[in-house]
Each structure stands twice: as C-alpha cells, then as structure tokens.
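Have the sequence at hand as you go.

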Amino acid sequence: MIKAILIFNNHGKPRLIRFYQYFAEDMQQQIIRETFHLVSKRDDNVCNFLEGGSLIGGSDYKLIYRHYATLYFVFCVDSSESELGILDLIQVFVETLDKCFENVCELDLIFHMDKVHYILQEVVMGGMVLETNMNEIVAQVEVQNRMEKSESLVGSVAKNGHVTFPT
Amino acid sequence: MALKIVKGSIDRMFDKNLQDLVRGIRNHKEDEAKYISTCIDEIKQELKQDNIAVKANAVCKLTYLQMLGYDVSWAAFNIVEVMSSSKFTYKRIGYLAASQCFHESTDVIMLTTNQIRKDLSSPNQYDTGVALTGLSCFVTPDLARDLANDIMTLMSHTKPYIRKKAVLIMYKVFLKYPESLRPAFPRLKEKLEDPDPGVQSAAVNVICELARRNPKNYLSLAPLFFKLMTSSTNNWVLIKIIKLFGALTPLEPRLGKKLIEPLTNLIHSTSAMSLLYECVNTVIAVLISLSSGMPNHSASIQLCVQKLRILIEDSDQNLKYLGLLAMSKILKTHPKSVQSHKDLILQCLDDKDESIRLRALDLLYGMVSKKNLMEIVKKLMLHVDKAEGTTYRDELLTKIIDICSQSNYQYITNFEWYISILVELTRLEGTRHGHLIASQMLDVAIRVKAIRVFAVAQMATLLDNAHLLTGSMQRNGICEVLYAAAWICGEFSEHLENPLQTLEAMLRPKVATLPGHIQAVYVQNAAKLFATVLKSQEGNTDSTTAQETSQLMIDRLPLFVQSANLEVQERASCILQLVKYIQKLQQKDVEVAEEVIALFAGELNPVAPKAQKKVPVPEGLDLDAWINEPPSESESEDEQPKAIFAKEEPKHSRPRHTEVDEKELARRREARKQEQANNPFYIKASPSSQKVYQDAPGVEHIPVVQIDLSVPLKVPGLPMSDQYVKLEEERRQKERAEKKKKEKKKRKEKRSGRGKKHDSGPESEEDITPAHMVDIVTEEMPENALPSDDDDKDPNDPHKALDIDLDKPLADSEKLPVRSHRAAEAPKSPAEDGDAESAATQEPKKKSGKEKREKKKDKDRDRKKSKEEKKKKKHKHEEKEEDLLGGQVEEPVVQSEETSEVAAPPTSTTAEVSDLDFWLSNAPVPSNTQEAATVAAAEAAPVPEAALGAAPDSEPDEPKDTEMEETKSSKHKKKKQKKEKEEKEKKKKKKKHHHHHHHSDGGGEESVQNGTVEEEEPLPPMSNYCLLAENSYIKMVYDIQGNLQDGSQVVVSVIFENKCDSFLKSMEFNVLDSLNSKLQRPEGSGPHDGLTVPFQLPPGVSNEARFVFTVQSIVMPQKLKGTLTFIVKNEDSSTHEKLDFKLHFTCTSYLITTPCYSDAFAKLLESGDLKGSSVRLEGVNMPFHHLLARICFHHHFSVVERIDSCASMYSRSIQGHHVCLLVKTSGQTVSIDAKCDEPTLLGNVLDEIKQTFSQC
C-alpha cells in the first residue's frame, strides 16, 4: 500500500500532496517538512530509498523518491510494494505528466494542481496501484478532459472557464 | 431567475480562478497569510451563491489551500453540493476536494450515500470512476456497508476501466466493513482471471494485500496464483504474486518446494531487476521455511547470494541497497553463505550513502564471530568518531551494543574490553541512547560476576570524572549512564578500591542538577557505600574516618532532602535520619557496621523481562471469575455485564502476581543452589576466576580510564578499548602456543549457561577461550514458565477483523445488504436484456460470454450442492475402483477418465483445503531425470491411482476443467450414462448445451489447461479476439470457432463496443458471401440481406453477437468483406453510419480442441495415412509450457503427452482431419514436426502458428 504521495520543490514547497490515510492539516504539513528535511539533504547520487520517517508510518514504511530538476516526488509505501516497482511507477507518473503537459515543468504543477491530481488518480487509487501502462493512463485522462471541454462549450458561460486544459 | 443566473455568470468573470489564486499568492510573498485570508473570505462569498460553477471554482481553490495547510473542513457541505452537480467537470472537482479533506469523522459524509450510489450507477463510466476514486479515499464503515453491494456489482461492469476500480476499492470496503469479505470473495477471485490485464492486476493487488495480513486464509488460492505466476507476463502482477508467495510459504513448506524451480527459472531468465529481486526474496523466504536443509537447496542459496552480490557491487545505489536488504534475510538462516562476503559488506560501511551504511550495519550483526568481534567493533568505533549526523551515530551505537550483546553475549571473549567500549561510548554527546548503555552496564555487571571488580573501578571513575554532569544534561540522554554507574558502585561496593572517594563524588552538589530518578539512585547507593565504608573501618581502632564519613553524609544529604522530586526527598530524609542515629551510636563507640550492612544484605538476581507474564495460572484459579459476586438487581441485567467483561478482556489469561511466602522462597533458593552446585557447567564466581584474569599478560598495566574532559571525543593516543584488541591478539597467540604444548590435555573449560550455543558455533570458534572465566547468570524465570510468546499482536490492527475463513460456504445471513427499492444490478440490465434477446433470436444453443459469467455466479450459489454431488460420485467411484483394479490393464482409458471425474479438482471454481493438498502433493520430488515424466503422470492421474502406484506411463493428461469432462461424457456416453442414472433428464440436456457452448466459446480456455496440466499451471488471460474494424462510434472485435456438431459450420462471435456518447441502434451486420463461405441467414431472407444485431448499445456499453457461417472447403484461409450499418442517436438528432470490415477465416479457426490419448495418437501416427511437414521457429524466448499453452490456446490443440522439452499435440478439424504435432525445443529454437491427412491444411496451420510466435 502507498500511504502518501508528496511532491515538493527544492525548497520544500508542496506542489501536490495526497495522503491515503487521514492526517489533520497541521500534521500533514509537519510530515511534508520532515520528509523534505530527510530527502533534501541527500545527494543525487545516493540511493532512492529512505527509512526513518518517524511521523508517517513506522518501521514497515519506506520513503521512495525521485528528484527531477526542481521537484521531489516522494512515495511513502509499506513493505507490500516492490521498491524498484515504485521507482518505475514514479517514472511512469512523471512521464505521463510530461505527455499531458507537454514538457512538464514545475510551473505546470503549480498552476494545475487539480489536473495533476486527476492524472494521479488514474495511476494510484486509494493507495493501491491502479494502472501502470502510460498509454492507458494518458488515454483515460484525455477522454475525461475532452468531456470537460465539451461541457464547458455547452455551458457557454465559461469565458474564463477555470478548468480548460492548456492545449 | 434567469436574470440571477446571468448576473451570477457575469460576477463569475471577475472571480479568481485557481490560476489567479496561485498567481496572487506568489505575488504576495511577504504577506502571504494575509492575502490568503482575504481569498478565503472571497471564497466564502462565492460559496454562498447559487451558481454551481462559482461554487465549484471556490471548492477548487479550497483544495489548493488545503495543500498549503489550511483547514477547509468548514466547507464540507459545499463540497458535497459540488459533488452532486450533474456536470462531470464540477463533480470531479467536488470529489477531489472530498478525497483531500474528508475523513471518518466528517459528519456530512452521511449525506453523500445516495449521491455516491447514483454516481456509481451512472451511465457515464467516468462519473462512476470519479465516484469510486473519491470513495476510495474517504470510505467509512457506514458507506462501506451501504455501498458494498453496488460496488460488488460494478466488479462485473462491462468496462474494464470501471471493473478495475471497483475491484481495487473492495479492499477499502473490506477494511471498513469486514462482513462484506465473504460474500464478495468469489467474485473477487473470479477477477483474477479477468481478460483485462488491468482488472486482473487489481484483483491480484487486493488479494495480495488481504493475504499479507492473514496469509493462512488464502493458502487455498495458491494453485491459482501459481497458475498466474507461470503464465502472466505483467511484471507488476508477477511481483505482487511472488511477494504473496513469500508470505504464504512459511505456512506451507510443500508450497515452497513447488516454487523453487519456477522462481529459479525466472531469476535466470528475467531482465527486469525488480522482478529478479523479488524472486530472490521469495526464494529466500522459501529456503527459510524449509528448515531441514535439503541438498539441492544449497545451490539455490548460492544462486541468491551470487545474484545479490552482483546487485551490491552494482554502481546503482538502489540495487546496492536492495542487495544488502535481501542479504540480511539470508543471514538469519544461512549466515555462512553471507559471511564469505564480509569484505564487500565492510566496504559498504564506508559508502557515502547513509541508507546503505545502515543496511550494511544490519548485516554486520549476523557476521560477527568470536574471532572478529573486536575487529569489527573497532571499525565501528572509528565510524562513531567520524559520523556527522546524530541519527547515524545513534544507529551505530545501538548496533555496537546489539552486536556485542546478541545471543547472551555469545561472541564476547573479554568483558573488560566490552565494559571499556561502553565507557567509551559514554563520551558521545547528544545521543538518545544513554539508557541503552546504562542497561548494558547494569546487565553485564550483574550477570558477569567476574567482571564486577573491573566494572566497579570503571564506574567509580565515571562518577568521579562526571564529565557527564556538564552541559545541558536534561536533553542529554547520556547522563542516564550515571544511573547505572551509581547503582553498580553502590551494589558492588565491596570491590571498590576507595569507597570513600566514590561516596564523596556521589554527594557533590552538582548531582542535584541530574534528573530525579538518577538522584534517587545516587542517594540510595550513597547509603550502601556508607555501609561499606563503615564495614571497612570496623576493625580500625581509630574511628575518625567512620565518623567523618557520617558527617559527610549528614552535611550533604540535606541538599537532597530539599529536592522537588518525591522519591529523592523521601529516600534522602530517611537515610539522613538513619545516619544521624548511626552517628549517635558511633559517638558512643558502638559497633554499628554489621547492622548497617545488614540493611543491604543479600544479592539481587536478574529476572527475565517477561518472567512476570509467564507465571502460569495455578490450576483451579479462574482469573475471570468474580471474587465477590456483584450485587445483582435483576437476573437479566446481571448476565449482560458479565458477558461484556469476558469479551472485552483482551488477553485475560495474563497471570497475576502469585504470592509466595518467604519459606517457600527460601526453599526454592536452596534447591536452586543445590542444583547449581551439582551442575558441572555452572561455574561460580570464585577467587580462582579472578586469578585467570590476573594471569592474562599485561592486564594490570591497563591505565585507569583517562577521560579527557576538554576534548571528549578525541583521546590522545589509542582509545583504550584498542589496547584490548592488541592484548587479545597476544593472549590468543600465547594460548595457541600453550595449547600446542598441552595438545593431549583435554580442555576442561566450560562456560555455564550457554553451553548449547557454543556447540552450534563453528569449530574454530571453540579454540578461542574467553580471557576470564565468565559466569553469565541466566535470567530468572518462574518455574513452569509458559513458553508461549504471543504478545506481539496489535489488537487495534484493522486487518484482524479480516481474518475470516473464506472457504466456508456462504450462509444466507451473509448476503450484502441491498436496498430493496432499487434493482441491485440496474446498470447492467440493459446489456443482459440484449444478451437474452440475442440468445433467443440466434440459435438457442449459443451463449454469450456474459451469460457464462452469470452462470458462474449461479455456480457459487450451487456450490454446496455440487460438492455433495461430488462426494456421492466419489463413493460410487470407490466401489468401482475395486473391480477396475482387476481389469486395469485392459481398460486404462476408462479408468483414468472416470477417476479424473472424481479427483481432478475444478481449480478455477472451488479451492478447498483438500484440493490444495492434492495440488501440493504432486510437488516435484527432486529426483530430476525422471521428474518431468513421473510428475506429469502423477499429476494427470487421479489420486487413488497415484496412491496405488498404478499410473501407467502412457497416461494421458487429464483436463481439469469440469466442463471438459462433460464434453467427454458425451463421447463416452454409454459409460457415463451408468453413472448418471440418478441425475435428472433436465440436467443432461443442459449439459449438452454446455458442451456445445463450450466448444464454440470456451474451448480456448480449456485447451490451455490441457497444455500445461503438468507442474506449471497454464495461462488463462489470453484472448483470441482480434480487431475487426473500428471507427469513432464503434469498435468490433471477433473470434471464430468451429462447430463440432456440424462439419460445415463456423461461428463468428463479434463484440460490439460503443465508443461514443450517443446511443447506437438498428445495427445490421452483412457480409458479401463467397462461393466457399456463406453467412447463414434466417429462412425467407435473400442472399444479400443483412442480419439485425439483436441489441442496442447505450454509450460505453459493449455486447456480443454470434453469426453462423457455412463453409465448404476448409483447407485454405479466406477473407470475407462485410459492412455494419447502424444509427447513431443523440438527444436531438440521429445519423446513419456504416463501417466496413474484413472477416479473416484462418485455418486455425476450423480446428477444434479435441483430447486424444497417447495410444490412440500412436496408432494414428502408425497408420501411415498422414503426410508430414515441419517448421522451425527461431528466437522464441518463452518457457516451454508457455509455448505449449499458446499453441493450445490460439490454435486449438491439446497436449497428448509431454516429456521434458518435447510434447506431442493433437487437434481435429471440423471436417475430421487429424492434425498431429511434435514440438521440441532447445534453447530458443523450436522445431515442430507435423502430420495431417490434408497437406494444404497442415501447411496453412503451420504458417499461422509461425505467425503467432513471430508476433510475440
């Protein structure tokens, strides 16, 4: 099971948080800070696994992360997940973002957090891996975006439809 | 009203959207909080408006603010409003917000039940999907109970997209509503073989998650998972399954034996590191579970260790980390195989990556021996000095202590060395583990009597130097060490060289800054020291020292009397009064030492930590019984609380303290002493043992610990523990030399209390004698201590509730709650209706896949019944078996067929424990050469036969599928009829239907089973459906099957899938007939008329229709052109559309899976009627059984016999041509020799086989 997915930048600013177990908001922020603290002090050439997030999980849980340019993608998972598998999954997720946003960068995540969530929802559901095939993920995301678009056309009031997808 | 809406939308243009909000926050970096609070005010305004778009926008912004740490639960109701919008766009926003901030105590959740139910049954699959995704994050027990049935229905949705989500969410439902597990489980199990890989993977995921917590309930699924493991090519699924097996094998060693081979193969063949790693992990788990070392397994261990070494040596840090992680698992059971890689692991200790260093540390734990302990610890101590982060330093510290103290100090040969290590560790500043060091000091000093002199001296120095007192010690955990030091000095004060000095040190004013519990120990032990000083002064005529000591106490103790800590205060004032009284006596020259020392007389024995818990409950004592019956007002009320009490008591057998009177204690002590005296292995602390210590070369020159106060971590020169390393070297050398001299003399040294452990140690270890005789006092346990140790289970674990027996048949009471005013299967019904129609208009014999699915559900319901029937059959069979034994040789075929009927388990439907036993009992016995053949025979042969050892080698493989038996039953009707006399006519008819249906539809599946009935189970989720045509409205896939009963007919099954948002109706299917092949049209219609597809398709729905074609010649493949016309109906308009396609009739599609027995097969080949041909396939990179399964599945063959990498296969065309194959594989080359009575057909079939494998 995946307990949480955190995306934050090199300064620890959260860009997406997704907890699959309830934590109150202040606790969430504390976890982000702790995780950032643990992850950020590691060189880029050390391994991507980390034990010892004390706030989240415990001994059965591991932090598995990847660092892309300015962003950290951190998955907190328990021992039922394969470490290398999750690393691959992060890669799939990022590649999917890259496809959906066309050369994704931090700004895309900043301004379209909702869309990143929708993409993530096609990859992981309720803490369990839903789909690992990138084409399938992209296809489902696109169908839903199309639906959204057609709705906003019908709605016709959407001059600055806040949900239009960047094309 | 209209105006209001317009106004709303105009307002909205000025509202901030999410992007504006983000931009705003970024532009207000200096007063972010203020800016956000104004934004929240705006949002509150927006939420008050009626316009749902505005509300959704506001909720979207709130989701963002939630990420920044703002509590947005006040908007929960608005979120629910947005969730219930009819527009997907808003609904999605609402569900996202809900999934981010709803939790079990959000009260508006109860309002959502109906909305969610509505969304779940929405015709739009994405509405359903969004609802499922949201629900997975905030499902509560109530929601789970109310929606379990709806979700269960969705598990059979036509869209794999919904199916996989519904399957996944079931796990959450089970967690919140455990009662749903049993009713939902059969369907969940079914999904393991879903044609869609995503759904299959989801089902595997859920079951693995369930099984991880309660593995024993899922053992019966092992055969199914085994089948999946050997057939699946999805690494995600494989990893999950392999991980699951890792959890199952400890429960069933036979499973482990079965697994080793396929796992080893995977290790050799896979290129995916993740898969390789998990295989290695599971092999390790298997090896651990097989406690008795089987000879073959050393190879497996070697393989694992080898592979892991490769990982560790890899430059990829991730692999290195995982390699070490897995290595530590091997270490537990096979330390020797790991120890040979010590170099590599020590190297990892120097790695720059902390995670890797920590893993390497873990490994060190198991790699120490008497020989290398000092060396390794020395290395670790160096790391302690170098370590920059406290976390890592603390980890090092605990590891050093763990390593040294493991298995009752097994590897320590010199406890002086260990004490000095502990003392050195006290110089670590800021460690959290002061108490750990302290408890080690206490433990060693108490249990190793011989070391007390040394320990006391060291502790006295610690107290005296008291560098530990400096600094802010409240947060400096290291001061805990002083607790131990003070206690040791006090308790064993008779060994102190200068007790007065130590006493003085313990009463320094600075001590008052220590934490209370430490001060208390100081005070108490000061009194002990006082007693010792008095005793030492007793014979002395000059009593000044004694009196000065009393005065010292009287002067210093008031400081502690003033302590705020109660314990300190109480002890101090008590002792103060005592000392004052003693002083009085001293002044009268009364001898008081004896009396004072008597206060602290007697020795404390170490008690094992769990001793108290393990005191057995005496017979006849019921801890749950009332001591006094509670006053009862009325009888009924009296009973209830009682029951509740008994239930709530978590572990009520926790023993209470049993009081033992003083006499009894004394008696026991005496008895124990007697026992110890008679025990030759128990060596008491005697003066002689100390002599040994003094004999050790140069020990007396050891400097008293010099702790440099100014530079706590860097002591000039060698740290003192290093000197022990040198000394130890010298000592060992000397010993060796001495030993050579006294070679003949038998060594008589024995170490008490741990003799057993030494026996198990390596031989060379035995040569190292401890520097001094050590008496490690074993911890006391109560007599008759209970061995059980079940206190590690967490009563709050939600998975405890899921520990449910899944194999018991369902009771009626267990049905999931269904809302009666709603049809439970509403979303599915149109499809089913269509299905029924299609079945009605088409030939009645044919059934669609969906109906089959429905059937399975029925089957579940009928399972109990069918089991009983099976039992009956078994009885009958056993009767029969006796006569058959006589006629065995004449009638092997009959026999095997009949027995199989009884014994072959329908693996796909019922998996009972007995089935599991059956499955496991055929685990390959490692006798290699004959293995494959015998196993194949054993597997194919039913149990009784196998037991009799009568399985003839030529025994054909038996299909396991029950339906398959039915097929045969019609072939051997005469025999069968005898058996089925009792069965009703009706049923028989049904079976005939089945039989047909089976061949036209399920044939592939069954043939797969045929293909790999041997030790590997077959591949289920392959599909023969291939694309027919597709446009933006509709997609058609099709499959062609021969019709066994009519040699000139084939059935084309076409699945129509509506891809658009509109309704599709009036579909007409038409084909341009050729001379050879014609579409069968209803009587009275012209040769160019189309056939009406007997259903309509709502958006997102798919359904299957069948069309019968008549063919004349079947030796050549053929293509037919055709067209589908249909009407696309929107709300306001409808358009006519058409789609052209080409139907490809391959020669394969004229073949029908037909079982054939090896003797018949041999006759056929001998007959000489067949003409041969052959083909070679290069570069086929798949296991042989996969290859066979593919041929079986895609080309409708069945395996006649398989030996090692060679198999004979058979199939028959609808016109009765025999096709025989001999498939051999070596490396990546597969050669197929084929014979058939129709060479053209054969050539085409072989071409098609070749094509199948060129595609994969």
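Helices α25(B) and α27(B) make a right-handed crossing in this predicted model. Their axes come within 7 Å and cross at roughly 20 degrees. That angle is under 35 degrees, so the pair counts as roughly parallel.

Here are the two partners side by side:

| Helix | Residues | Among the residues that meet the partner helix |
|---|---|---|
| α25(B) | 434–447 | G434(B), H435(B), I437(B), A438(B), M441(B), L442(B), A445(B), I446(B) |
| α27(B) | 480–491 | E480(B), V481(B), Y483(B), A484(B), W487(B), I488(B) |

If you want to look at the contact itself, M441(B) and L442(B) are among the α25(B) residues involved, while Y483(B) and W487(B) are among those on the α27(B) side.

Now for the cysteines. How many disulfides are there over all chains? The count comes to zero, with a pair needing its sulfur atoms within 2.5 Å to qualify. C1236(B) is in no disulfide: the nearest cysteine sulfur belongs to C1220(B) and sits 7.9 Å away. Is C1236(B) buried or exposed? It has a relative accessible area of 0%, so C1236(B) is buried. Over in chain A, C47(A) also counts as buried because its relative accessibility is 0%.

Finally, a word on confidence. Chain A has a mean pLDDT of 86, with 89% of its residues at 70 or more. Within chain A, residues 156–167 have pLDDT below 50, and this stretch has 28 contacts in the model beyond near neighbours in sequence.

Note on methods: Residues are numbered from 1 along each chain as its sequence is written. Chains are lettered from A and ligands numbered from 1 in the order in which they are written. This is a predicted model: local features need pLDDT of at least 70, side-chain atom pairs count only at pLDDT 80 or more; totals for chains, interfaces and linings use all residues. Side-chain values use heavy atoms; hydrogens and water are left out. Buried means under 20% relative accessible area, exposed over 50%, partly exposed in between (1.4 Å probe, protein chains only). pLDDT is the predictor's confidence in each residue, from 0 to 100. Contact means heavy atoms within 4.5 Å. Axes are lines fitted to C-alpha atoms, for helices over the stretch in contact, and angles run from 0 to 180 degrees between N-to-C directions. Helices (H or I, at least four residues) and strands (E, at least two) are DSSP runs, numbered from the N terminus. Angles under 35 degrees count as roughly parallel, over 145 as roughly antiparallel, 65 to 115 as roughly perpendicular and the rest as oblique. A crossing is left-handed if the near helix is turned anticlockwise from the far one by less than a right angle, and right-handed if clockwise.
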